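Morning, everyone. Please have a look at the model on the screen, and then I'll walk you through it.

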Amino acid sequence: MSGSNPAARLQQLFEGRRLTPTQRRIAHWMVRRAGDVPFLSSVELAELAGVSQPSVTRFAVALGFDGYPALRKHLREVAPAGPGPGGGDDTHNEYQQAVLGEIENLRHLADLLADPAPVERAGRMLAASRPLPVLGLRAASSQARGFGYFAAKVHPDVRVLDEGGSMLHDRIDAARRAGATALICFALPRHPKEVVDALGHAREQGLAVVSVADSAFAPVAKFSDLLIPAAVGTGLAFDTACAPMLLGRVLLEAMCDGLPDAQARLEEFDARAAARGLFVE
């Protein structure tokens, strides 16, 4: 397998596979702990992913190996010779470990962005959609609102969809009738069923879907034309989402590259803000 890091190589191993939800969960945790996985037993991996040991064995078979030992042997051949960053470190308290976990998530994102093609493609899709629906519910609603706030400074028509309910499909329909060609979705755990249903409806209406999700195996994957993963931190009582937020800003930058009048719109906003005294220097 090619790739610049263990997580990328694991990702390639899973690409194109038809995995069950349990198998997707195992794959997700293997990617997140890519440096450690070649040295874990099937029982340890099962505990990490919250599944049964036989599920890990069936997962290895689904990938084409005789069993988990064969899969682990393969991973040891393509992975570094030792545990990844942060493995076995007991010198930090739980708050420091949460921060270090997020730093590792950002490193994974940086590695992923070594190939800018997916982000550039997403930027073109989002820039061309008029209007541009931005979907994010529950835990992801703040991501959607943040993206929508900044996108509205350069895009002529941004519609944030951060509330569920019976009107969600109506708002997607309205955007499509107004000329929308693409929708961006922020999907974070726990994944609301409404988001999956909404993306299925959006696809039925002919919208292309760009998703930012915590994993390439997230439930929204099957309804996404383009999914770019950014892991969340799980070291605290509530997940942290630094990497998804940063990825959203990266996508904004790529979208600006597809909007020839983006700089002019920003300068116009700054002039109006100064005239109104909106900000304190």
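A word on the source. This is a predicted model, so local features need pLDDT of at least 70, side-chain atom pairs count only at pLDDT 80 or more, and totals for chains, interfaces and linings use all residues. Residues are numbered from 1 along each chain as its sequence is written, and side-chain values use heavy atoms, with hydrogens and water left out.

First, the overall picture. The protein has 12 helices and five strands. Those are DSSP runs, numbered from the N terminus: helices are H or I with at least four residues, strands are E with at least two. The C-alpha atoms fill a box of roughly 65 × 45 × 35 Å, taken along the principal axes.

Buried residues make up 44% of the 281. Buried means under 20% relative accessible area, exposed means over 50%, and partly exposed is in between, with a 1.4 Å probe and protein chains only. Now contacts, meaning heavy atoms within 4.5 Å. Of the contacts with a separation of 6 or more, 68% join residues 24 or more positions apart.

Next, helix pairs. Two packed helices are described by the angle between their axes and the distance between the axes. Axes are lines fitted to C-alpha atoms, for helices over the stretch in contact, and angles run from 0 to 180 degrees between N-to-C directions.

Take H2, residues 21–32, and H4, residues 53–62. Their axes come within 10 Å and cross at roughly 85°. So H2 is roughly perpendicular to H4. The cut-offs: under 35 degrees is roughly parallel, over 145 roughly antiparallel, 65 to 115 roughly perpendicular, and the rest oblique. H2 brings Thr 22, Gln 23, Ile 26, Ala 27 and Met 30 to this contact, while H4 brings Ser 55, Val 56, Arg 58, Phe 59 and Ala 62. By class, that is six nonpolar, three polar and one charged. Here Ala, Val, Leu, Ile, Met, Phe, Trp, Tyr, Cys and Pro count as nonpolar, Asp, Glu, Lys and Arg as charged, and the others, Gly among them, as polar.

Now H9, residues 168–177, and H10, residues 193–204. They pack at about 30°, with axes 10 Å apart. That makes H9 roughly parallel to H10. On one side of the contact are Leu 168, His 169, Ile 172 and Asp 173 of H9; on the other are Glu 194, Asp 197, Ala 198, His 201 and Ala 202 of H10. This contact has four nonpolar, two polar and three charged residues.

On to single residues. His 28 sits in H2. Is His 28 buried or exposed? At 16% relative accessibility, it counts as buried. Leaving out residues up to four places away in sequence, His 28 touches Asp 214, Ser 215 and Phe 217.

Gln 143 is in helix H8, residues 141–151. It is buried too, at 12%. With residues up to four places away set aside, Gln 143 touches Phe 186, Leu 188, Ala 241, Pro 244 and Met 245.

Last, the backbone. Most residues other than glycine have a negative phi, and most peptide bonds are trans. Which peptide bonds here are cis? One runs from Arg 130 to Pro 131, with omega near 5°. Another runs from Pro 189 to Arg 190, with omega near -5°. Pro 131 lies in the loop between helix H7 (117–128) and strand E1 (132–135). Arg 190 lies in the loop between strand E3 (182–187) and H10.

Arg 138 has a positive phi of about 50°, although it is not a glycine. Its loop lies between E1 and H8. Arg 138 is exposed, at 66% relative accessible area.

One residue touching Arg 138 is Pro 192, which also touches Leu 137, not counting residues up to four places away in sequence. Pro 192 is in the loop between E3 and H10. It counts as buried, at 12% relative accessibility. Pro 192 and Pro 219 are 27 residues apart in sequence, with their C-alpha atoms 9.4 Å apart in space.
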